[in-house]
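User: Could you walk me through this one, starting with the big picture and then zooming in?

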Amino acid sequence: MVRQSQYDFDTVLERHGSSSIKWHMIEEEMGPDSKDVIPLSVADMEFKPAPEIVDALVQAAANDVFGYDYATDDYFEAFIGWMRRRHHCTVNREWVSLSDGVMPAINTALRAVTHPGDKVIIQRPVYYPFTFASERNGLTILDNELVLNEAEGRYEVDFDDLEAKASDPRCTAMILCNPHNPVGRVWTAEELTRIGDICLKHGVYVLCDEIHADFAHPGHEVTLFGNLDEKYADILFEFTAPTKTFNLAGLLCSNAIIRNADLKRRFDVAAENIGGLTVSHFGLVACQAAYNHAEQWLDELLTVLERNVTMVREFAARVDGIRLIEPEGTYLAWLDCRGLGFETPQAQCAFLREQARVWFDEGSLFGHSGDFFERINLACPTALLERVLNNIEQALAARRHH
């Protein structure tokens, strides 16, 4: 017997005229005649949040006073319990520093352990704020570019190149994305251990963004860096948040896990030097409610995402020139569109927006190794994704006939 879902992941929400960046940027860029363009770009969801979270926020709005807050015992218990249940990860309260977001925390960690003129490793194609954080903190980027194994359609780490770059005496940090955005890799324990050993050998701090850790596809299990050997504690910062998992980005709440007491002190001092990192009142309320009461919402969401991945997989199989890089984690799909034959990435992007009437995060945003790729946000009602894929298919058919 199929259990009836108690959550609505099917309703296509009306987002025009809202404060959504994703929907607003279309009109800003393409003008008022762009209301038919569908964005599956910025990595937030086209779903309402779990009702358990909404109920907690309504109660807070009606009864709380919005003064200066601190994270209560109940908050930490909710976070620690989530990490234990979902990731078999033991977190001690004294390891945790709060932030309004993962990227503010990563910037703070960079300021804690690097100096302008130092070098930092990132792995393009990668989440583009890693580039911004590096450059704006005066760091030189060393790109340990991921290698696409064409035969398997899977990205791999170039460990020889990583070793060479980590051995640079000016290299002091590596920003790691686990699971990786946008290519969808869930790094194995063996891969993470090799990365950790290289960084430990050369005194390179690992800043590990695990914001997508709650999203693993069947057959893959996310290994948190902190679940590896405790020897990495001396070089490790881990960043996680409920914001990606439960679509709460606008409520500004994340957690940094720093096991080494001296590293945590340096992080906290770097935060104080810019006036302190904080969490909004509603962020605290929402995070606690999410971790304590909305786990079933996430479990049902994961089944929706699998259905959407299947739809994109079937689309890529029947459309010449498009290949799905099979996602192992995240709620994003990385499409290899090199076979479509556009002369430039800009021409491909323009075709998708103007002819297919869809708006993705074009691969070039993630570095030149992302040229002619597209990142699609799968966290949307299946009917909306179907419209997007149909639009592309019809536009490509019209292009072939001309």
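**Domains, a helix pair and a lysine**

Analyst: Taken over C-alpha atoms, the centres of domain 1 and domain 2 lie 26 Å apart. This is a predicted model, where local features need pLDDT of at least 70, side-chain atom pairs count only at pLDDT 80 or more, and totals for chains, interfaces and linings use all residues. Residues are numbered from 1 along each chain as its sequence is written, and side-chain values use heavy atoms, with hydrogens and water left out.

User: How many residues does the contact take from domain 2?

Analyst: Domain 1 covers 21–49 + 295–401 and domain 2 covers 52–293, with bounds from an automatic or database domain assignment. Contact here means heavy atoms within 4.5 Å. Domain 1 puts in 33 residues, and domain 2 puts in 39.

User: At what angle do H2 and H10 pack?

Analyst: Helices are DSSP runs (H or I, at least four residues), numbered from the N terminus. Axes are lines fitted to C-alpha atoms over the stretch in contact, and angles run from 0 to 180 degrees between N-to-C directions. For H2 (residues 51–63) and H10 (residues 281–293), the axes are 8 Å apart and the angle is about 140°.

User: Is Lys22 buried or exposed?

Analyst: Lys22 is in helix H1 (residues 21–30), and its side chain makes a polar contact of 2.9 Å with that of Glu46. A polar contact is a pair of N or O atoms within 3.5 Å, one able to donate a hydrogen and the other to accept it. Buried means under 20% relative accessible area (1.4 Å probe, protein chains only). Lys22 has 0%, so Lys22 is buried.

How values were computed. Helix = DSSP H or I, 4+ residues; strand = E, 2+ residues; numbered from the N terminus. Buried < 20%, exposed > 50% of the residue type's maximum accessible area, 1.4 Å probe, protein only.
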